[in-house]
Amino acid sequence: MAVHAHINGIPVEVPEGTMILDAARSVQIDIPRLCKHPDLDPTAACGICIVKVEGINRMLRACCTPIEEGMKIVTHDPEIVEVRRTVVELIMSKHPNECLTCGRNQNCELQTLVAEFGIRTVALPNIVPDLPLYDDTEVLTIDPRKCITCGRCVMVCQEMQNVHALCFLDRGYGTRIAAAGVTLGESPCVKCGQCSAHCPTGAIVEFDETGKTWDYIKDPSLFTAVQIAPSVRVAIGEAFGYPPGTNLTGKLYAALRRMGFDAIFDTNFGADVTILEEGTEFIQRFVHKSAELPLITSCCPAWVDFMEKFYGDMIDHFSTCKSPHEIVGVLAKTYYAKKQGLDPAKMRVVSIMPCTAKKWEIHRSASMAASGYQDVDVSLTTRELARMIKQAGIDFRHLPEEECDRVLGDYSGAGTIFGATGGVMEAALRTAQDLLTGKALKKVEFKAIRGLKGVKEAEVEVAGKTVRVAVAHGLANVESVLERVQEAKEKGDEPPYHFIEVMACPGGCVGGGGQPYGVTNEVREARARGLYTEDERLAVRKSHENPEVKRLYDEFLEKPLSHKSHELLHTRYQARLTYSR
Amino acid sequence: MPDAVMVPDISRTVQKWRNKRGSLIMALHEIQNRYGYVPRNVSLQIAQLMDVPLARIYEVVTFYNYFKLEPPGRNNLSVCLGTACYLKGAPELLNELKSRLGVSEGETTPDGEFHLQSVRCVGCCGLAPVVVANGETLSKVQPSSIEGLIHRCHKEE
Amino acid sequence: MAKLTFEELDKLRDEYRAQRAQRSWIRVGTSTCGIAAGAEAVYRTIVDEVRRRDLDIDVQRVGCVGMCYAEPLVEVNVQGAPRTMYSEVGTEAAERIVAEHVVNGNPIPGLAIPGIETLGYEDDGLAARQGKQVRIVLRNCGLIDPTKIEDSIARGGYQGLKRALFDLREEGVLEEMKASGLRGRGGAGYPTWLKWKSLREAHGPEKYMICNADEGDPGAYMDRSVLEGDPHTVIEGMLIACFATGTSRGYLYIRAEYPLAIDRIETALRQARRMGLIGKNILGTEFSCDLEVRLGAGAFVCGEETALMHSIEGKRGTPRPRPPFPAQSGLWGNPTNINNVETFANVAPIIVRGGEWFAQWGSGKSFGTKVFAVTGKVRHSGLVEIPMGTTLREIVVDICGGVPAGHRIKAVQTGGPSGGVIPSELLDTPVSYEGLQELGSIMGSGGMIVMDESDSMIDIVKFYTDFCVEESCGKCAPCRIGGKQMCLLLEKIQSGKGTWADVDTMKRVCLAMQKASLCGLGQTAPNPVLSTLRYFEDEYRALLGAR
Ligand SMILES: Cc1cc2nc3c(=O)[nH]c(=O)nc-3n(C[C@H](O)[C@H](O)[C@H](O)COP(=O)(O)O)c2cc1C
Ligand code: SF4
Ligand code: SF4
Ligand code: SF4
Ligand code: SF4
Ligand code: SF4
Ligand code: SF4
Ligand code: SF4
Ligand code: SF4
Ligand code: FES
Ligand code: FES
Ligand code: FES
């Protein structure tokens, strides 16, 4: 049902339940806000979005007040603006003046707001509490002094991700963001980085490793290789003024080369290898009943961490296959090194990822050093790479398009769609159906498992058998899927699914915790579209048809799940304590 | 997650509440009453037994004044700082206690003997100012009677 | 005891009444306050004396009479002597009372004070008078043993429930509530029947009724006294509300600082459950309802209804925006209604005697009576229940004896940290929701603090502002930071280093807090500052110099 109202005298008609904030936007009125995030329910914490409604003495919060029939709303008048200014001043009075050295400088919602309000002096004393950093994970750095208690990260961590690593402690003036454990490392944090992606300020930022990366590049004795993840290519442009979803693979290769990397690889190649291994694993379980079904994907390290902490009893269902960038890392220091006659001890591999959890994954266990050396040395986020490109003085927009380096670079369309939720499953199905039927089937698109619905289910007919699959993204969505599996298991029933894909971040890696700020569902969709468009354009759309992958198996690994591939490309899991104590 | 070693009577306390809605704070009250504070290992056990995240327990325990994370003193003295008591001289009582015990509000004496805190009204405003000594409400307390009060607590050990 | 039917309820009432009418009794006030003043020792002395002398008299522990200044209180009624209230009774006086009054039938005039005149059983115990006071909420307080459901039943307890179930039914209850004009006594003054109507019309798998017994306002203890002195009245009010709104589950959210009140309510719930007054098929009808206690844990903001519900859910007590209102989405997302203790205590009398009976008191938009806890620099501090429309001066001077001799009333503060100060010149204002608001204060829950010329208004303001800073939940920026900055500004002014520019900044922060805070705590926290700036600017001038 539609409701009608007037905002600053302009008539609006919006569906019932529309908040004043959104209704105003529909008539080109921008109400300032600080705590509301389009992904999240309103926390109503900042008090900046207040507006007047005729007949009501208080001011109401536009972010969480639904429009009612006949409302007369004023969004800007001298009194409202004065109140907003005072609230901004109050927030500033409890905030450190550290923009110059802040991870969010020039990209901070608070800073922008202050700039827009044109506040030149604050009449109130600066009363920043002295609180220590949380930086023991070396993945994320939390600076509680910069926190404006908007509540976004708590909602993300507790409700969107169901991890409950972050919480508010104490109350009133002393309210502070904290890890539920003594340190972040002792908390159940799975390092997905969604908190940092949603934080409006520099209170939660990724652990910066750009300096370390420059050191490798500059060291002439080292051979430094780099790889980019699928979803980086369609997001990095946002840092250079491109619309979300613009595919900039060629410019990225060029930029990396100019930055001084010795070899430019593509994680999409690793994704194709993952599919061969994982797809074969699936067939072993599905056809040869080698182990229990469902098989669950494991290329998202935050999900791996989550499962080890909260669903230790599901370990046997996990694919043992490593994530694509780890595969590229280990192959670079073995296969590639051998081919090129490089000393792996003198090699460094840098991953450019949409992801903060990969910073943790590279040290996750001994199998992350299957080459005899740490397989991936540094994992940077898309945001870090964007900063490095700027530091290197590269005019990104005008770069020519280049190619990546061969051997670990060629990829199929299946490899590229890995970056969107459902992509891993779709890629696996493309390969599995061919392997099961022994034919090269025409059907490559599985649209039922695309898109942003929290849990997607599909049944796929392959070689006369039905494969039941589920795709979940956003960790809170995983629960219902796993519960169904566990229930069936307890009852001794047939498993509800044969194959499950899980990605920790909503939207999959296109919405990763290390991607450029300001993600919304529209942005996630645009980035995913960028990937699907590339897939459509590519001649090779199935992982097992990637000629470089074929060569890899012919020359080095023999076949999927061979002894060698087990040694290099697979890993093991162990149940962990939720809280270290 | 692997099981922690359970203290049996904690699990009994929690058992009573675990299937009732809205019972986390009730369970924490029982723990606080038993130990005088909410010990960390107990929090971890409640988390496991009641299937609530540890974050929730700490959020709650640090939000509400009633719950403490540190063990209390053997004697607990609370000075009411509600309006009626404030007007009738509670600040002087608090100062007297502070100087006699050598601690600030919210602190415990180094020997663990006395914990001093303030409360905001215990509902005896008509008989202000009020001090609650080990659960017993004392009315119309004068600064001159503080010394005797401390002495009495000592003796009652 | 077997479950009661409605005929049995009446039979029991008559039986208990008849028994009690025959008896002589001694009542000792043993609420928290009485106990703090030494009432336990007095009670024990009297029991010992009565036993030693083998006297045929009931010794009862009763709740709060309301004369706090005179605690411990002992009231004696023996055949042949006038009923007498004794004040500030020590153990020696207690022995004397037994010896002289009870045994010899000679009341001791030197110890006696005027007590409360009851209208007796004939009147169903629904109102009692004491001077200008009219006791509806406190009608049983000090007259019954709150740990005995029989006492309550004898004075008409659960007759309102019976009338609701058998005569009025749901619509009828709402009609009477509407006619009574009863408005919420927890502070906001929203018409009670309207809230109930919304809940009645709401749909959900389960509905909840909550009694707000968080009473966090410092200097206010009306609700504690009712819970301790007459718990069945609160339970009965809740049951009627549940019945009228189609609700079968309720919670009493009581602050943990009130251990005796918690105990008395728990006892009362057990008794009522045993008699079938709560539980399944109440009084043999299809109406089933259960009530449980949940405790607060030391957070003033949990008196705010959305924070309270979060607290019951086992979360931090932070408020959330409304809409959705609790009647649409409350506890665990289900339709919920919250009323204050005093509001519920008014319900049974309204149902028994009718809404119009109740509306005979008060005027304008405020009807019935209101309980105030009058404390501070006043001679007879205590609980008073007055009809709406009584002036502040009548309360403070006529009922509570004014300030001690040699002093002058400077101001009266109502509404606690959300309220304001009312200077002595304005004490002839009649008490009503609107009247007090016009003066820049609020009715609030009923705290009334009297200040004399020795009290500094800026100190008081600082006191309340500190309170709000300590009790702010910290969720929203205007209140969390604004309150703290206001404290710093006040400190600066108190220290003599302030300027009028600081006052202007303070006013700006006040405006931001009023307009942009999420809940009532932050929205009203500036009231003490603004009302002292309005009435006592000279005290600021004394510290800041002329503008
Ligand atoms: C900060 C704050 C504290 C409150 N404390 C109480 C309280 O202690 N007791 C109470 O009954 N209402 C309190 N209220 C009012 C309640 O939110 C609510 O309006 C009331 O319980 C409704 O009951 P009523 O309609 O019967 O008054 C408080 C409100 C606020 C904003
Ligand atoms: S969080 Fe924003 S406003 Fe604060 S220091 Fe960093 S950039 Fe500046
Ligand atoms: S914006 Fe101002 S403070 Fe920041 S660097 Fe420039 S001159 Fe300095
Ligand atoms: S990284 Fe993910 S799990 Fe860790 S605190 Fe942030 S949101 Fe929570
Ligand atoms: S850390 Fe960031 S997201 Fe979390 S509450 Fe603070 S400002 Fe908001
Ligand atoms: S989609 Fe995620 S897991 Fe897969 S390659 Fe990209 S970053 Fe790695
Ligand atoms: S979904 Fe992608 S970006 Fe997010 S944690 Fe997993 S691998 Fe990293
Ligand atoms: S409020 Fe007054 S009468 Fe009631 S307990 Fe306190 S002192 Fe006694
Ligand atoms: S106004 Fe104060 S108490 Fe209310 S929500 Fe905001 S911070 Fe919490
Ligand atoms: S945006 Fe509405 S309160 Fe923060
Ligand atoms: S103000 Fe001290 S008991 Fe109420
Ligand atoms: S007479 Fe007991 S509380 Fe006042």
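This is a predicted model: local features need pLDDT of at least 70, side-chain atom pairs count only at pLDDT 80 or more; totals for chains, interfaces and linings use all residues.
Modeller: Helices and strands are DSSP runs, a helix having at least four residues and a strand at least two, and they are numbered from the N terminus.

Colleague: Which residue does a cis peptide bond join to Pro323(C), and where does Pro323(C) lie?

Modeller: The partner is Arg322(C), and omega for that cis bond is about 0°. Pro323(C) lies in the loop between H11 and strand E12 (336-340) of chain C.

Colleague: I would like to read backbone angles too; what is phi of His164(A)?

Modeller: Phi of His164(A) is near 60°, which is a positive value in a residue other than glycine. His164(A) has its place in the loop of chain A between helix H4 (152-160) and strand E7 (166-169).

Colleague: Is His164(A) buried or exposed?

Modeller: The cut-off for buried is under 20% relative accessible area, and because the relative accessibility of His164(A) is 10%, this residue counts as buried.

Colleague: How does Leu283(C) read, and what is its phi?

Modeller: Leu283(C) is not a glycine, yet it has a positive phi of about 50°. Its place is in the loop between helix H10 (259-274) and E11 of chain C, and because its relative accessibility is 2%, Leu283(C) counts as buried.

Colleague: Turning to the interfaces, how many residues of chain C are in contact with chain B?

Modeller: On the side of chain C there are 56 residues in contact with 36 residues of chain B. The area buried between these two chains is about 3,600 Å², and carbon and sulfur atoms give 60% of that. Within chain C, the residues that lose the most area to chain B are Ala297(C), Arg316(C) and Phe463(C), which together make up 17% of what that side buries.

Colleague: How many salt bridges and polar contacts are counted between chain C and chain B?

Modeller: The count is two salt bridges, and there are 19 residue pairs in polar contact, both residues being at pLDDT 80 or more. In one salt bridge the side chains of Glu470(C) and Arg120(B) meet, at 2.9 Å from N to O. Among the elements of chain C that give two or more residues to this side are helix H2 (32-37), strand E10 (249-254) and helix H16 (457-471), and H16(C) gives the most, with eight residues. By class, the residues of this side divide into 29 nonpolar, twelve polar and 15 charged.

Colleague: Which residues of chain C lose the most area to chain A, and how many residues are in contact there?

Modeller: Here 32 residues of chain C are in contact with 35 residues of chain A, and the area buried between the two is about 2,800 Å², of which carbon and sulfur atoms give 59%. In chain C, Arg480(C), Arg508(C) and Lys515(C) lose the most, together 23% of what that side buries. There are two salt bridges between these chains, and in one of them the side chains of Glu89(A) and Arg508(C) meet at 3.0 Å, N to O.

Colleague: Which elements of chain C give two or more residues to the side that touches chain A?

Modeller: They are H16, helix H17 (477-494) and helix H18 (500-516) of chain C. H17(C) gives the most, with nine residues, and by class this side has 16 nonpolar, eight polar and eight charged residues.

Technical notes: Residues are numbered from 1 along each chain as its sequence is written. Chains are lettered from A and ligands numbered from 1 in the order in which they are written. Side-chain values use heavy atoms; hydrogens and water are left out. Contact means heavy atoms within 4.5 Å. Buried area is the accessible area (1.4 Å probe) that two parts lose on being put together, summed over both. A salt bridge is a side-chain nitrogen of Lys or Arg within 4 Å of a carboxyl oxygen of Asp or Glu. A polar contact is a pair of N or O atoms within 3.5 Å; within protein, one must be able to donate a hydrogen and the other to accept it, and residues adjacent in sequence count only if both atoms are side-chain atoms. Ala, Val, Leu, Ile, Met, Phe, Trp, Tyr, Cys and Pro count as nonpolar, Asp, Glu, Lys and Arg as charged, and the others, Gly among them, as polar. Buried means under 20% relative accessible area, exposed over 50%, partly exposed in between (1.4 Å probe, protein chains only).
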